[in-house]
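Thank you for making time for this.

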Amino acid sequence: QSHEVTSTGMPILRILPATPDAWLNGTVTGLRARGGVEVGIVWMQGRIAKVVLTATMSTKIAVDTINLPTAARQPGGGDGYLHYWTLRKGQTVVYGG
């Protein structure tokens, strides 16, 4: 995860397409990100198919969705590929299907 923050100090979460060639399909859950977010990722044919973000505390984060499939780039109120979220503890955001 990046150490980058927005101009207001909000952590930026970047989901990168960095899976080994031998792992064409897979799932990872329980990753912890700065800003109090747990991350789950599903990839198929070497590409990100789904990202699940769950707040472990009330938090504000910015999610860079440039590496997500076009259909998963749902605006959370933001500009370009950077989407801003204000989440309550336990709230989940899902990108993709």
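This is a predicted model: local features need pLDDT of at least 70, side-chain atom pairs count only at pLDDT 80 or more; totals for chains, interfaces and linings use all residues.

**Strands and salt bridges**

Is strand S5 enclosed or open to the outside? Strand S5 runs over residues 59–64, and five of its six residues are buried, so the strand is largely enclosed by the rest of the structure.

Now let us move to the charged side chains. Side chains of opposite charge can pair when their charged atoms come close. With a cut-off of 4 Å between a side-chain nitrogen of Lys or Arg and a carboxyl oxygen of Asp or Glu, the count comes to two salt bridges.

One of them joins the side chains of Arg14 and Asp64, at 2.0 Å from N to O. Because Arg14 lies in strand S1 and Asp64 in strand S5, this pair ties together parts that are 50 residues apart in sequence. As for how covered these two residues are, Asp64 is buried, with a relative accessible area of 11%, while Arg14 has 27% and counts as partly exposed.

There is also a salt bridge between the side chains of Glu38 and Arg32, at 3.5 Å from N to O. Here Glu38 is partly exposed, with a relative accessible area of 28%, and Arg32, at 60%, counts as exposed.

Let me turn to a sheet elsewhere in the chain. Four strands form an open sheet in the order S2-S3-S4-S8, and their pairing is antiparallel. The edges of this sheet are strand S2, residues 26–33, and strand S8, residues 92–96, each of which pairs on one side only. On average, and with direction ignored, neighbouring strands of the sheet are turned by 15 degrees against each other.

Within the sheet, strand S3, residues 37–44, is joined to S4 by eight bridges, and the two run antiparallel. If you look at Met44, you will find that its bridge partner in S4 is Arg47.

Strand S4 covers residues 47–55, and Lys50 has its place there. Which residues does Lys50 touch, once its neighbours within four places in sequence are left aside? Lys50 is in contact with Gly40, Ile41, Val42, Val94, Tyr95, Gly96 and Gly97. Lys50 is partly exposed, at a relative accessible area of 28%. The C-alpha atoms of Lys50 and Leu68 are 8.0 Å apart, although 18 residues separate the two in sequence.

Finally, let me step back to the chain as a whole. The protein chain has zero helices and eight strands, and of its 97 residues, 34% are buried. Among the contacts with a separation of 6 or more, 44% are between residues 24 or more positions apart. The accessible surface comes to about 5800 Å², and 55% of that belongs to carbon and sulfur atoms.

Conventions. Residues are numbered from 1 along each chain as its sequence is written. Side-chain values use heavy atoms; hydrogens and water are left out. Buried means under 20% relative accessible area, exposed over 50%, partly exposed in between (1.4 Å probe, protein chains only). Contact means heavy atoms within 4.5 Å. Accessible areas come from the Shrake-Rupley method with a 1.4 Å probe; for residues, only the protein chains shown count as cover. Two strands pair if DSSP finds at least two bridges between them. Axes are lines fitted to C-alpha atoms, for helices over the stretch in contact, and angles run from 0 to 180 degrees between N-to-C directions.
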